[in-house]
Amino acid sequence: MSNFQRDIIIDEVYNYALKNKDVFFMSADFGAPALDKFRENLPDQFIHSGISEQHMIDMAAGLALDGNKVYVYAMAPFITLRCLEQIKCSLAMMSLPVTILGVGIGLGYADAGPTHYLNEDISVMNSIVNLDICSPSDESSLKFIAKQTIDIPKLRYIRMERNSLKNIYPNDYYFNKEGFEIIHKGKNICILSTGYMLHKAKEAGEKLLNDNIDVSIYDVINIKPLSNNLITEISKYEKIITIEEQTLNGGFGSIIINALFKNGISNRTVKCLGLKEKYYFQNGGREFLLNDSGLSSDSIYETVKNL
Amino acid sequence: MTKTNIKDLESKSKWLRRTCFEMLLSANQGHPGSILSQIEILISLYYGGIIKYFKNEPYHPDRDKIIISKGHAAMSLYPIFADIGYFDKEELKKFGRSDSMLKLFGNISIPGIDCTSGSLGHGLGVGCGFAYSAKMKNAKINTFIILSEGEMYEGSIWESALFASHHSLDNLIVILDRNRNIILGDTEDCLALEPIKDKWASFGFQVEDVDGHSIADIIDTFNKFNKTNDKPKLLIANTIKGKGISFMENKSFSHYWSPLSDDLIKKARLELTIDE
């Protein structure tokens, strides 16, 4: 089986569904090799909703109200913004155990253009009450999140990559329940990131270390709810940098700044790096577009060095 | 159903209509137009032997499900729920007050309400989930959904209609409250919905239409629905918005409650006299 994020989580759900007839997996015409196996072997628990994300979310609510655990799956832009009202009214208002699997966050679908990019989901989904936002950075963290959906069913949105990500954590890594992990412990400066951009942060951190600048790197796996202990932890640093593949209005950086202020921490230097306030029509691939936005590891390295 | 029974149900309709009016009056807010148009539909469902429920047990696992998709009209279920023992009748007097468990729109914290509603166009999709789940469990449970015709403007309704038909959800029974009036006027002037029957039939529903204020016709038509044809059902209930209060009937303004003068309150109460 591939190590694409979608296959990893569908396999976890498949194993769970094999033993539990009350687990349903819905797709709005979005596939994966692991899903082919699910459809083949568990046809009664797989539901093709049509390319109808709004219906898929409403129907998931009906299934969940009747005591089932439901996973809904589609391309990330369409399973979030297109059916946001359904997520609010049918899932969040009734606080139902449904897992929203969105594939292809950020610029993951480059060069498809801005219809297929999801540069505002953190901001938008953070505003939904009763919903958790989980952002895996590799296979182990994704499996950890998948296990949480099984152990503690609730409304969650999982931000998934279109493809695979390099491993950050060993297979047997023990994830704490706080929803964040310390990737590297440095001093004075810390970088917070998540998902794909965590890898950029990590690369930048390694380059900085060569220059004897030892920055801490934090992986924020649970963007919502955000751990208060994370805020206590990062308040020890003089300079805090956030990195996201999102436009900055209301995004990851905003959430961190809000949390710092809420905790009475207002005298730190905070720098939020993110995408430009524009729709990206430019060709060239994801790395090209990130570079253009100052989000390559080299750009991050330069920014931190000159801070 | 005998004539005597129908007469009893008509009497019950008068009780429900008057009770809803008094609750709206006391709350001084709500949506009388679409509440009053669906009274006979609800009486037929709950007292005409159509919907399966268990007295005093709002969460009985074998109950049929109901979703009033036009959530602004869900409050007309509250007097019925109190009557069948889902909660204390005293609760009805508190409707609209800050200490009341009964909200302006239905939500699942209220015993008997199976789905929170309010925003149009969600009920049919949620109902598909109920109906599909019942089929997977081989449970003989029907799901009843009351749609306003205004919801036909929401695209999500048609997404769900496609699904219900493809999956032969014959345990899904939709009642379309066709009172013709949306907020800005007659649907056919604002943006035509007709031919409604053909639209739903072409989506694979078994469609019947009926005088939505004739209990005998509503019950007969429910019984006429072929229970073995594998199709979801749609009953077009042709109704009158604001039915029962002459100055509200067929008036788009009756969508929202407006404070009433003493004379109009008197007039409404006279028209809504309950049989002794």
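Residues are counted from 1 along each chain as its sequence is written, and chains are lettered from A and ligands numbered from 1 in the order in which they are written. Since the model is predicted, local features need pLDDT of at least 70 and side-chain atom pairs count only at pLDDT 80 or more, while totals for chains, interfaces and linings use all residues; side-chain values use heavy atoms, with hydrogens and water left out.

Chain A comes first. Here five strands make an open sheet with mixed pairing, in the order β7-β9-β8-β11-β12. Helices (H or I, at least four residues) and strands (E, at least two) are DSSP runs numbered from the N terminus, and two strands pair if DSSP finds at least two bridges between them. At the edges of the chain A sheet stand β7 and β12 (269-275), each with a single partner strand, so one side of each has no neighbour in the sheet. From one strand to the next, the twist averages 25°. (Axes are lines fitted to C-alpha atoms, for helices over the stretch in contact, and angles run from 0 to 180 degrees between N-to-C directions.) Within this part of chain A, β8 (residues 189-193) and β11 (residues 239-247) run parallel and are joined by four bridges. Across that pairing, A:I191 sits opposite A:I241 of β11(A).

Two helices pack on the chain A sheet, where contact means heavy atoms within 4.5 Å. Helix α8 (residues 196-210) touches β7, β8, β9 (216-220) and β11 of chain A, and its direction makes about 175° with that of β9(A). Helix α12 (residues 297-305) touches β8, β11 and β12 of chain A, at about 160° to the direction of β12(A).

What about helices packing on each other? Such a pair is described by the angle between the two axes and the distance between them. In chain A, the axes of α1 (residues 5-19) and α7 (residues 139-151) come within 10 Å and cross at roughly 30°. From α1(A), the residues making the contact are A:Q5, A:I8, A:I9, A:E12 and A:Y16, and from α7(A) they are A:E139, A:L142, A:K143, A:A146 and A:I150. Sorted by type, the contact residues of α1(A) and α7(A) come out as six nonpolar, one polar and three charged. In that sorting, Ala, Val, Leu, Ile, Met, Phe, Trp, Tyr, Cys and Pro count as nonpolar, Asp, Glu, Lys and Arg as charged, and the others, Gly among them, as polar.

Chain B has an open sheet of five strands too, with parallel pairing and the order β1-β2-β3-β7-β6. Its edge strands are β1 (65-68) and β6 (206-211) of chain B, each pairing on one side only. Neighbouring strands of this sheet are turned by 20° against each other on average, direction ignored. Strands β3 (residues 172-178) and β7 (residues 233-238) of chain B run parallel and share six bridges, with B:L176 standing opposite B:I236 of β7(B). Helix α10 (residues 215-224) of chain B lies across β2 (143-148), β3, β6 and β7 of chain B, at about 165° to β6(B).

The two chains also meet each other, with 24 residues of chain A and 23 residues of chain B taking part. Between them they bury about 1800 Å², 60% of it on carbon and sulfur atoms; buried area is the accessible area (1.4 Å probe) that two parts lose on being put together, summed over both. On the chain A side, A:H55, A:D66 and A:M94 supply 29% of the area that chain A buries against chain B, more than any other three residues.

Salt bridges (a side-chain nitrogen of Lys or Arg within 4 Å of a carboxyl oxygen of Asp or Glu) number two between chain A and chain B. In one salt bridge, the side chains of B:K137 and A:D66 meet at 3.1 Å, N to O. Over all chains, the structure holds 37 salt bridges. Another one pairs A:R286 with A:E161, with the closest N and O atoms 2.7 Å apart.

Finally, a few backbone details. A cis peptide bond, with omega about -5°, joins A:K224 and A:P225, and A:P225 is found in the loop between β10 (222-224) and α9 (228-234) of chain A. In chain B, a cis peptide bond joins B:E194 and B:P195, with omega about 0°.
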